[in-house]
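Hi,

Here is the structure I promised to pass on. Have a look at it first, and then read my notes below.

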Amino acid sequence: MKTLPGFRDLFPEDFARRRYLTGLWRDTARRYGFVEFDGPTLESAELYRKKNSGGEILGQLYEFTDKGDRTVALRPEVTPTLARMVASKHRDYPKPIRWFNVGTCFRYERQQRGRLREFLQFNCDLVGDATSAADAEVVALLIDLLRSFGLGPEDFAIRLSDRSAWHDFLTLHGVEHDHAGEFLNIVDKMEKMPFEKTEELLAPFGIPQATIQEFISTGRIPALDPLLADLEARGLRAYVRPDLGVVRGLAYYTGVVFEAFALQGNLRAIAGGGRYDRLLADLSDGLADLPAVGFGVGDAVLLELINEIPAAKSLEASYLKSEPPLQVYLVIADESHRSNALALAQQLRVTGWRVGFPLGQEKVGKQFGTAETLGASHAVVIGAEWPNVKVKRLSDRMEQELDHATLAIWLEEHGAAVS
Ligand code: HAM
């Protein structure tokens, strides 16, 4: 029995990497004053269908009818859930609201490097502030996040754009704004689509591909100036590149949009986000008309990228090595004292010590071998000397016999503090 395509088994070594990612995600979000929230992984499919997510995501929904005849979907992204939650209770929170989420998402995508069908996504969203200072705060958070993994300006860049520039472009070419979403979806796919296919899709808009390409290559984005000045003041300007070619595939974006990508190799986007000033109002029938900006990062591309960048890989390795090993291994030299060993293990564990012991009878030599393998700093031999025990510091074989009741104090005094 294998996992379904695009789904993963996480063995302990994989889960250690996940803990590394999510630890830095949470640390960085908190440094920017964001607090964690979560919503359900199963939602009414309507949440994504109504003018919300739009675009490609709708074709990738894990959608089914539940036993109560509801059309439901596993969440492909968290933004519509966040928007619904904030809209329903925003009066309870001071603005701007800074929320983050670490959660599983599902998309029935074509499987490729860095793209799966079940993945972990980290989202940071700032609600209730429509200024470019809020955009800058979120983009700076994303840059610091990637930097925390040991990635530098030679490894990644954030391509920044603004959909308002595209709206001006459409007005100039006489295209109604109602069709903007459809048009921008084509622009979003242009880089990857065959030329003829793009021409065919663009035909109804009467704008040739060459005109779009010219706009992308020569277009300035004045709306980005305050954001760029803000990032400059933070010393983060080197990480961003204005680029009209980024429009994003989701329908709800209204202003600034951005994507983080690796500068080497051809990995898919590491992160994507932007401003969505109408989504909350749309989801609450205008009751909560709040502007918002945010981004999402997936675990899969980030893990691939870390594997490719030596500085990032060695930073990860130093973290993985620092996983706390056992502190004490109880060596049961005489089986008739097993119940004493169990009582001692329990007493130590309850007070915070990481303790191991053999589950069945084993030779003393083998037990010492296990203590070393598990990285324990001390072995405690329980046998004929009970109520005394023999403690051995494994690094230098220093040994001492003492009353088991004073063991915790002795361990603390000899460099095995509870941590
Ligand atoms: P998105 O660009 O669809 O945006 O996804 C954001 C990130 O999630 C991607 O850059 C990628 O790292 C990861 N991701 C997406 N799909 C997959 C997949 N199939 N497998 C692995 N990773 C994936 C959003 O989801 C927006 N809701 C982000 C946002 C938050 N915008 C505003 N706030």
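Glu-43 counts as buried, at 7% relative accessibility (buried is under 20% relative accessible area, exposed is over 50%, and partly exposed is in between, with a 1.4 Å probe and protein chains only). You'll find Glu-43 in strand 2, residues 42-44; helices (H or I, at least four residues) and strands (E, at least two) are DSSP runs, numbered from the N terminus. Leaving aside residues up to four places away in sequence, Glu-43 touches Tyr-48, Val-72, Ala-73, Thr-81 and Arg-84, where contact means heavy atoms within 4.5 Å.

Before you go further: this is a predicted model, in which local features need pLDDT of at least 70 and side-chain atom pairs count only at pLDDT 80 or more, while totals for chains, interfaces and linings use all residues. Residues are numbered from 1 along each chain as its sequence is written, and side-chain values use heavy atoms, with hydrogens and water left out.

Now the cysteines. A disulfide here is a pair of cysteine sulfur atoms within 2.5 Å, and by that rule the count is 0.

Next, some helix packing. The axes of helix 4 (residues 132-148) and helix 9 (residues 225-233) come within 9 Å and cross at roughly 50 degrees. That makes helix 4 oblique to helix 9. On the terms: axes are lines fitted to C-alpha atoms, for helices over the stretch in contact, with angles from 0 to 180 degrees between N-to-C directions. Angles under 35 degrees count as roughly parallel, over 145 as roughly antiparallel, 65 to 115 as roughly perpendicular and the rest as oblique. On the helix 4 side, the contact is made by Ser-132, Ala-133, Asp-135, Ala-136, Val-139 and Ala-140, and on the helix 9 side by Pro-226, Leu-227, Asp-230 and Leu-231. By class, this contact has 7 nonpolar, 1 polar and 2 charged residues (Ala, Val, Leu, Ile, Met, Phe, Trp, Tyr, Cys and Pro count as nonpolar, Asp, Glu, Lys and Arg as charged, and the others, Gly among them, as polar).

Helix 11 (residues 299-308) and helix 12 (residues 310-321) have axes that come within 5 Å and cross at roughly 105 degrees, so the two are roughly perpendicular to each other. Here Leu-303, Ile-306, Asn-307 and Glu-308 of helix 11 meet Pro-310, Ala-312, Lys-313 and Glu-316 of helix 12.

Last, the backbone. Most residues other than glycine have a negative phi, and most peptide bonds are trans. Asp-69, not a glycine, has a positive phi of about 70 degrees; Asp-69 lies in the loop between strand 3 and strand 4 and is exposed at 65% relative accessibility. Arg-248 also has a positive phi, about 75 degrees, but counts as buried at 12%. Lys-95 and Pro-96 are joined by a cis peptide bond, with omega about -5 degrees, and Pro-96 sits in the loop between helix 3 and strand 5. The bond from Trp-386 to Pro-387 is cis as well, with omega near 10 degrees.

Cheers
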